Amino acid sequence: MVLKPFKSKTIIEPFRIRSVEPIRFTTMQERQKLLKEAGYNPFLLKARDVLIDLLTDSGTGALSSGQWSGMLESDESYAGSSSFYKFETAVREITGFKNVIPTHQGRAAENILFTTVAGKGDVIPNNTHFDTTRAHVEHNGAEARDLVIPEGREPQTIHPFKGNMDIDALEETIESVGTSKIPIIMLTITNNSGGGQPVSMANIKAVSEVAKKHGIPFFIDACRFAENSWFIKTREKGYADKTPMEIAQEIFSCADGCTMSAKKDGMSNIGGFLALNDDNLAQKCRSLTILTEGFPTYGGMAGYDMEAVAKGLYEALDEGYLRYRIRSAAYLGEKLVDAGISIVQPTGGHAVYIDAKKTLPEIPPLEYPAWSLVNALYLLGGVRAVEIGTVMFGLQPDGSEKAASMELVRLAFPRRVYTQSHVDYLAEVIIAAYEQRDKLTGYRIVEAPNVLRHFSARLEPIGS
Ligand SMILES: *Cc1c(COP(=O)(O)O)cnc(C)c1O
C-alpha cells in the first residue's frame, strides 16, 4: 500500500496542554455592571472578570515544561550562579554580543543604556521609539526621533516591511545634527508602536552601514527579534532556506549591542538584558546595574527567571512555534477583512489592530471611537483589548486635547495561551460589534490624571 503524503491546510497549535487555567464566563448584564464600576476603563477591570485577555503580549505567555524543569534546577546564589551562566550562554549564542548584563525587564536595560550614553542636546534616531524607550531618552535630556518609512505611518498601505527605517532621513538627521550629538542609532524589531511591523535584513544592513560610516554605535531594540526573523524568512528573498536562528544571528551581527525585554520573545513572565560588544561601555553599564538592578550576575532577576529566559530564547526561535504564532494574527486579520472591517495591513507579529476611525466614522476623535469599540468588545464577549488613540495620546502638555493621528484597537496575543477556537470566538465578537456599530456611542472623560491618563481615567458613555 503506497499512500500519497498529505499536506494539511490547518496549522495546529504546536503544543499539547498539560496544565490548564480556567477562564471565567460572565453574563452581559454582569459585564455591564463591572464595566460601569471600572469607570468604563478596561485597565480598571479585574482580570478574573475578563474571558479573553488581549491587553498585552508582555509577560503574559505560558511557560513550557522545559522552562519549568529548568526553573526547578535554578541556582539562587547571589554571585556567579549557574543559572546566570546558562542565561549568558544563550544570549551570546543568539546575539554574538560579548557582554551580557541581565535586568529585571526591558525598560531597565533602556534606563542603564541611555543614562550612560545620552545627554542634553543629543538626538537618538530609531524607526519608532517604543513609549518606554522614548521616555528614557527624554528623561536624559535627549530627543527621540522617529524615522520610519512613510508607508509605516499609513494603516491601509500594504508593504512587507513597514517597520523599515527611512535611510535618507537617517542620513539627513546625521548631517544636520552632527555625529557628536548622536550617541547611538537604534532600530526596533519588530516595530511595536508601528503595529508590530517587521524590518527587512536589507534595511538592518543599510542602517548598520550608515552607522559604521559615521562611527556611531548601532543598537537593536530586540524585544521581538524571533518574530522579525520569521518575517525575513517568509518575506525576504534569499532567506527561505535559513533557520530563524541563523537569521537572528545575522541580524545581531550587524549591530554593536541590544536591549531586550524577555517578557516578549524571551517567552518569560519577567526579565530582560542589555548586551553589547564594547568593554568600556559595558563596564560603565555594569556599575549602574549594581546601583539600580543588582549584582551583574542576576540584575534584578531570580535564578529561576534566568533559567526560564535561557530556555525561552531558543523556544521563541522554533519554526513550528513561529509559524503558529504569526498565523494566529494573520488568521484573525483575514476573518475581519472578509467581514469588511478595516485593520492595519498586513497583520504584524504580536497583535491585530482595528482601524476605529474607519469602523466608527460617526464618532468624532474627541469622543474616542477606539475606546468605544474596546468597551463594546468587553460588553459583548468579555474580551479585553486596548485603545491606541486619543485617550492614550491626545492630552497635550498645556492641558488641551488634540486628536491622535490614528484611532486603533489593539488585540495583542499572549504567547502559547489561546487556541484557534478562542480566535474564532474573538472574530465572532468583533464582527457582532461591527454589525451593531450604529448603536455605539462616544465617551467623555469624567476624571483623569495629567500623565498617562489612559491607565486610570474614568469615563462615561455620551447620551446614556
Ligand atoms: C515591551 C517593550 C519594551 C520595554 O520592555 P519592558 O519589559 O516592558 O520594560 C521596549 N521596547 C519594545 C519594542 C517593547 O515592546
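T190 is placed in the loop between strand 5 (185-188) and helix 7, where helices (H or I, at least four residues) and strands (E, at least two) are DSSP runs numbered from the N terminus. The peptide bond joining I189 and T190 is cis, with omega at about -25 degrees. The model is predicted: local features need pLDDT of at least 70, side-chain atom pairs count only at pLDDT 80 or more, and totals for chains, interfaces and linings use all residues. Residues are numbered from 1 along each chain as its sequence is written, and side-chain values use heavy atoms, with hydrogens and water left out.

A cis peptide bond also runs from Q345 to P346, with omega near -15 degrees. P346 belongs to the loop between helix 12 and strand 9.

**Backbone with positive phi**

M267 is not a glycine, although its phi is positive; Y368 likewise has a positive phi without being a glycine. Buried here means under 20% relative accessible area, exposed over 50%, and partly exposed in between (1.4 Å probe, protein chains only).

**Two buried strand residues**

T259 is situated in strand 7 (residues 257-261) and counts as buried at 2% relative accessibility. Contact means heavy atoms within 4.5 Å. Not counting residues up to four places away in sequence, T259 touches A109, E110, L113, M186, I220, D221, A222, C223, F273 and L274.

D355 is found in strand 9 (residues 351-355) and, at 5% relative accessibility, is likewise classed as buried. With neighbours within four places in sequence left aside, the contacts of D355 are P155, Q156, S342, I343, E407 and L408. Between the C-alpha atoms of D355 and N228 there are 23 Å, and these residues are 127 apart along the chain.

**Aromatic pairs**

The structure holds 11 aromatic pairs. Rings of Phe, Tyr and Trp (its six-membered ring) pair if their centres lie within 6.5 Å; planes under 30 degrees apart count as stacked, over 60 as edge-to-face and the rest as tilted. Y78 and Y298 form an edge-to-face pair, 5.1 Å centre to centre with 70 degrees between the planes. Y78 lies in the loop between helix 2 (65-72) and helix 3 (82-95), and Y298 in the loop between helix 10 (279-292) and helix 11 (303-315), so this pair ties together parts that are 220 residues apart in sequence. Y78 is exposed, at 55% relative accessibility.

The rings of Y321 and Y324 have centres 6.3 Å apart and planes at 55 degrees, and therefore form a tilted pair. Y321 and Y324 are three residues apart in helix 12 (residues 319-338), which means a separation of about one helical turn. Y321 is buried at 4% relative accessibility, and Y324 is buried with a relative accessible area of 6%. Elsewhere, F84, Y85, F87 and F273 are linked into a cluster by ring pairs.

**Packing of helix 6 and helix 7**

Helix 6 (residues 167-177) packs with helix 7 (residues 201-214) at an angle of about 15 degrees, their axes being 10 Å apart. Axes are lines fitted to C-alpha atoms, for helices over the stretch in contact, and angles run from 0 to 180 degrees between N-to-C directions. Helix 6 and helix 7 are therefore roughly parallel, given that angles under 35 degrees count as roughly parallel, over 145 as roughly antiparallel, 65 to 115 as roughly perpendicular and the rest as oblique. In helix 6, I167, L170, E171 and I174 meet N203, A206, V207, V210, K213 and H214 of helix 7.
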